[in-house]
Structure formats: C-alpha cells, structure tokens
Amino acid sequence: GGGSSANLNDGDSAKGIKAEVNAAISGGVLSVDASDDGIKSNGQVAFTGGETTISSAKNAVRSANTLDVTNGKLVVSKSKEGFEGLKVRISGGQVSITASDNGVNAVEKDLNKVVLATDAIISVSGGTVIVNSGLDSMDSNGNIKISGGTVVLNGPESGNRGDGALDSSGELIFSGGTVFGVGSTGAVSTPSSASSQGWISTSLP
C-alpha cells in the first residue's frame, strides 16, 4: 500500500494486517507501515508478547470488540488514532503511542458518540503506557478504569475542541497504579466517588 505516507484512491484498502475474527501477536518482531489501519480485526486483537512497531495513516490498531495487551513491547510511531476498540484492556507490557487524534479510544460501533456507551471501557491494570496525542490521550465513550501500572499522558496543547489528557463519558476510576497526565482543559474528567486512590488536579494560566 506504499506505507503510511501513501495516498489511496477511492475504494482502495491498504491495511497492514486484517483479520475477520481474531488477530493475535504472541512473539517475534513485527513491523507494520500502512496507508490505512495498521492492524484491524472484526473481532478481537491480542498482544501477548513480541515486539511490534506500527506506522499508520489511520488507526494503528482497531478492534471491533476487545483489544488486549498482556505482554510484549508495542511502539506506534505514527497514527491518526493509536488504539481503538470497544474494550481496550492493558494488563502488562510496554506501550508507546503517538497519535495526531486520540491516543486510546473506547467506542461502541454504530452508537452516537454523544450517547453513553455502557459497554465501552479503557482499563489499565499493569504495564507501562505512554501516549503523545494531538487530541484526547485517553477517550472513552464509557468508563476509564486505572488500577495498576504506570500511565503517562501528554495530551493536546489546545482545548478548542473539548479535548484533554483523560476524557471519559462515564466514570473515571483510580484504584491503583501511577498516572501523570498533562494537556489542555478543554475536557476535564475527574475521578468518581468509586475511586479508592487519592489524586491531584491543577490548572495553570
């Protein structure tokens, strides 16, 4: 497909890896350079090991259902959106995402984005996640839950479009781990009463 910098004609598809049901990466070294989605599955995507590098003109990894990272090293060097799925769950490994739009996005297919998606969730329970994003670093149309691991979010510099480091339509719950997020205050989600961990939020002029 000419890589992430190529121009596609109408009707062209140049996804790096496309799965009708499941895409699983468990080891080895994988490099994807795509002018469409890097890895796309109509079912599930799972990373359980190996080293994966993705450069994509669209979504680096997109799953219609679950996107799980339990181990391995993943580097998204270029993307419009980094990870997208109904349920994005990170329990281990090392994840680094660079995105011009949202870094990690949980969305329910065919549901209006202004409607709360009760099944959509971003969950981090372990590992290391670093996101550099042009818009929301983590954007869930449902909930965001962080119970472990280390999360560093470098969000947008401008909040004109209602964006921020953490943007949750439902609950934002902190119960463990370490989270550091910076970005504009166009969208500010504060931890809900269900959070068992202390937090600090400040705004600078």
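Residues 24 or more positions apart account for 34% of the contacts in the protein with a separation of 6 or more. This figure, like every value here, comes from a predicted model.

**Overall build**

The protein has 16 strands and zero helices. Its radius of gyration is 16 Å. The globule rule gives 17 Å for 205 residues, which is close, so the protein is as compact as a globular protein of that length. The C-alpha trace spans about 45 × 35 × 30 Å along its principal axes.

Burial and surface come next. Of the 205 residues, 47% are buried. The protein exposes about 9600 Å².

**The seven-stranded sheet**

Strands of a sheet pair through backbone hydrogen bonds, either parallel or antiparallel. Which sense applies to the open sheet of seven strands? The pairing there is parallel. The strands follow the order β1-β4-β6-β8-β11-β13-β15. At the edges stand β1 (17-19) and β15 (166-168). Each has a single partner strand, so one side of each is left without a neighbour in the sheet. From one strand to the next, the twist averages 10 degrees.

Lys18 has Lys40 in β4 as its bridge partner.

**Pairings around β7**

Strand β7 covers residues 66-78. Which strands does β7 pair with? Its partners include β5, residues 44-56, β9, residues 87-90, and β10, residues 94-99. The β5 pairing runs parallel over nine bridges. Four parallel bridges link β7 to β9, and four link β7 to β10, again in parallel.

Individual residues mark these pairings. Thr53 has Val75 in β7 as its bridge partner. Val75 also stands opposite Ser96 in β10. Thr66 stands opposite Lys87 in β9.

The table sets out the pairings with their bridges.

| Strand pair | Bridges | Sense | Facing residues |
|---|---|---|---|
| β5 and β7 | nine bridges | parallel | Thr53 and Val75 |
| β7 and β9 | four bridges | parallel | Thr66 and Lys87 |
| β7 and β10 | four bridges | parallel | Val75 and Ser96 |

Terms used:
Residues are numbered from 1 along each chain as its sequence is written. This is a predicted model: local features need pLDDT of at least 70, side-chain atom pairs count only at pLDDT 80 or more; totals for chains, interfaces and linings use all residues. Side-chain values use heavy atoms; hydrogens and water are left out. Two strands pair if DSSP finds at least two bridges between them. Helices (H or I, at least four residues) and strands (E, at least two) are DSSP runs, numbered from the N terminus. Axes are lines fitted to C-alpha atoms, for helices over the stretch in contact, and angles run from 0 to 180 degrees between N-to-C directions. The radius of gyration is taken over C-alpha atoms; the globule rule is 2.2 Å times the number of residues to the power 0.38. Buried means under 20% relative accessible area, exposed over 50%, partly exposed in between (1.4 Å probe, protein chains only). Contact means heavy atoms within 4.5 Å. Accessible areas come from the Shrake-Rupley method with a 1.4 Å probe; for residues, only the protein chains shown count as cover.
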